[in-house]
Amino acid sequence: MPQDMIRYDILAQEALRGVIRKVLGEVAKAGLPGNHHFFVTFLTGAAGVRISSRLHEKYPEQMTIVLQHQFWDLQVTDVLFEVGLSFGDVPERLVVPFSAIRGFYDPSVNFELEFDVEVEETVGDNDQGITSIAPVPQTDKPKLATPSAKPKPPVKTVKKPAKAGDKSDTEGTGDKATASVVSLDSFRKKK
């Protein structure tokens, strides 16, 4: 079999990350249009990810955030996005490079993108309590980080139109907020 010297796989993934960049850039300027909202799964140990040590302890490998009702100061650059969310009534600032995104899903139109993400191991914490460490096996299931936004959006775990019983809500109770585990396996293309 011939070797792909051009690396179309990498070029295609970068082009699709450009879709996320464009969509988030428009939302940063004009807000969410209509019923659109996003589930963004990213590796917390990927290079350039900045989250508090509290969140990193709770989500050591990956997390899924929901951009729907209450988020603030969304800023988008060519390589990353920054957003403010509240977790257990504690405001947090997240910095997520597009290269760290493993999945992007807009349930309002059943649109999803999935990426292969490789993590380089880095060492230690910086002086601001921000962590970016550890490689992540690609088979781990993401945890859904539940921002303190009301109402909480349903979590859909299938590609098909939602049926009764396909919802999973999470409820926060102070600092001991619980989180649902959402499998992205249903979003993966069958080989």
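Q: Where do arginine 17 and glutamate 14 lie, and how many residues apart are they?
A: Welcome! Both residues are in helix α1, three residues apart, which is about one turn of the helix. Keep in mind that this is a predicted model.

Q: What do the side chains of arginine 17 and glutamate 14 meet in?
A: Here is the general idea: side chains of opposite charge can pair when their charged atoms come close. In this case, arginine 17 and glutamate 14 form a salt bridge, at 3.6 Å from N to O. Arginine 17 is buried, with a relative accessible area of 4%, whereas glutamate 14 is partly exposed at 41%.

Q: Which residue forms a salt bridge with arginine 54?
A: That is glutamate 92, and the closest N and O atoms are 3.0 Å apart. This pair links distant parts of the chain, for arginine 54 belongs to helix α2 and glutamate 92 to strand β6, 38 residues apart.

Q: Which residues point one way from β3, and which the other way?
A: In a regular strand, side chains alternate between the two faces of the sheet. Here Gln62, Thr64 and Val66 point one way, while Met63, Ile65 and Leu67 point the other way. All of them are buried. Strand β3 runs antiparallel to β1, and six bridges join the two. In one case, isoleucine 65 is the bridge partner of valine 40.

Q: Which residues have the most contacts inside the largest nonpolar core?
A: In soluble globular proteins, nonpolar side chains tend to be buried together. The largest core here has 29 residues, and Ile65, Phe81 and Leu94 have the most contacts inside it. Helix α1 and strands β1, β3, β5, β6 and β7 each supply at least two residues of this core.

Conventions:
Residues are numbered from 1 along each chain as its sequence is written. This is a predicted model: local features need pLDDT of at least 70, side-chain atom pairs count only at pLDDT 80 or more; totals for chains, interfaces and linings use all residues. Side-chain values use heavy atoms; hydrogens and water are left out. Buried means under 20% relative accessible area, exposed over 50%, partly exposed in between (1.4 Å probe, protein chains only). Helices (H or I, at least four residues) and strands (E, at least two) are DSSP runs, numbered from the N terminus. Two strands pair if DSSP finds at least two bridges between them. A nonpolar core is a set of buried Ala, Val, Leu, Ile, Met, Phe, Trp, Tyr and Cys residues joined through side-chain atoms within 4.5 Å. A salt bridge is a side-chain nitrogen of Lys or Arg within 4 Å of a carboxyl oxygen of Asp or Glu.
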